Amino acid sequence: MNNKLAGVCAVFCLAVIIFGNILLCYFEYTEKKAVAVQNFKEGSLIVLMYHQVSTNPNALGKYVISPEEFESDLEYIEKNGYTIVTVKQIIDYYENNTPLPSKAVLLTFDDGYETLNAYIEPILTEHNASVVVSVIGKYTDLYSANVARSLSYSHLSWTQIKDMLANNIIELGNHTYELHTCESGKRTGIQKLDSETSDEYKKLLENDVLAFNDEIEQELGFRPTVFAYPFGCCSSESEEILKEFGFKVILTCEEKVNYPDNSEYKKGDLIKLYRFNRPHGKNISNILQG
């Protein structure tokens, strides 16, 4: 009888220990999850990456959203305590210690499609917001000439860019002049080829990226300090070269939350920002809340 009772007690004690450990793990998990969610929101900088905008339902996809989706993004941001910031504010935080909002969001558009002027500018004006537009020089020049145009493919002209800058709708970034390419067996974006020397690679970027900044200065009167990697591609040498060219902010395609920290920042260092692609059909809350 005593042995039987002892056995029951042992089983009971074991059950208590197991149940206690389960509860402990659960509370530790929920506490960590709560902290993670809080960290995601407070003191974070979330950068959203957009490309093309279309009113054609058949064109919507991973890199194409509707104007209504973009406006719903702005409405969600406004209603849920987020603040849209500019690149200038981010640079001021790093260089002058000017505080950023605790839930900051930066909006970026790559490539510079003409739909920015047709569909996005009116929405930005209504919501008193702005975006970073990183343009491809080859297409800016092409569509500044007298050529056929369509909102399904044409890019912003120099005149349109000037107008949007004057209206404080955009900040301008460099997205290369003509290195926005991805061909099988060849260079993707500004990748360095295995066969290329460091001097040859730097010369390539001088003739494309730096020369495009020169053209922008000639056309608009200033030099962009933002560079967006085409396809997110780069090399181990690209950041030092871009820094030498005068860029301050690099936009990547790596999907992470940014937690700005200027405590170890040295003036002149590149500010590297991660970005979340915003595809069609995805609720913006899924990106902003993790």
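How many bridges join strand S1 to S5, and do the two run parallel or antiparallel? Seven bridges join S1 (residues 44–50) to S5, and the two strands run parallel. Strands pair here if DSSP finds at least two bridges between them. Helices (H or I, at least four residues) and strands (E, at least two) are DSSP runs, numbered from the N terminus.

The structure is a predicted model, in which local features need pLDDT of at least 70 and side-chain atom pairs count only at pLDDT 80 or more, while totals for chains, interfaces and linings use all residues. Residues are numbered from 1 along each chain as its sequence is written, and side-chain values use heavy atoms, with hydrogens and water left out.

The protein chain contains nine helices and eleven strands. Of its 290 residues, 43% are buried, where buried means under 20% relative accessible area, exposed over 50%, and partly exposed in between (1.4 Å probe, protein chains only). The chain exposes about 15200 Å², of which carbon and sulfur atoms supply 52%; accessible areas come from the Shrake-Rupley method with a 1.4 Å probe, and for residues only the protein chains shown count as cover. Contact means heavy atoms within 4.5 Å. Among contacts between residues at least 6 apart in sequence, 67% join residues at least 24 apart.

Strand S5 (residues 103–111) is mostly covered, with nine of its nine residues buried. Ile84 stands opposite Val105 in S5. From S4 the chain crosses through helix H3 (residues 87–96) to S5, and this β-α-β crossover is right-handed. A crossover is given that hand if, with the strands pointing away from the viewer, the path from the first strand over the helix to the second runs clockwise. Strand S6 (residues 131–135) is joined to S5 by four bridges and runs parallel to it, with Val132 in S6 as the bridge partner of Thr108. S5, helix H4 (residues 115–127) and S6 also make a right-handed β-α-β unit.

A nonpolar core is a set of buried Ala, Val, Leu, Ile, Met, Phe, Trp, Tyr and Cys residues joined through side-chain atoms within 4.5 Å. The largest one has 36 residues, of which Leu48, Phe70, Leu107 and Phe109 touch the most other members. Leaving aside residues up to four places away in sequence, Leu48 touches Val105, Leu106, Leu107, Thr108, Phe276, Ile284 and Ile287. A second, separate core of 19 residues includes Ile91, Tyr93, Val132 and Ala228.

Phe70 is one of the buried residues of helix H2, as are Pro67, Glu69, Asp73, Leu74, Tyr76 and Ile77. The 13 residues of H2 (residues 67–79) should span 18 Å at 1.5 Å a residue, and its end C-alpha atoms are 19 Å apart, which agrees; the expected span is 1.5 Å times one less than the number of residues. H2 is followed by Gly81, whose phi is positive, near 80°.

Glu196 lies in the loop between strand S7 (170–174) and H7 (198–220). With a relative accessible area of 13%, Glu196 is buried. Arg223, in the loop between H7 and strand S8 (226–228), is partly exposed, with a relative accessible area of 29%. The C-alpha atoms of Arg223 and Asn174 are separated by 9.3 Å, although the two residues are 49 apart along the chain.
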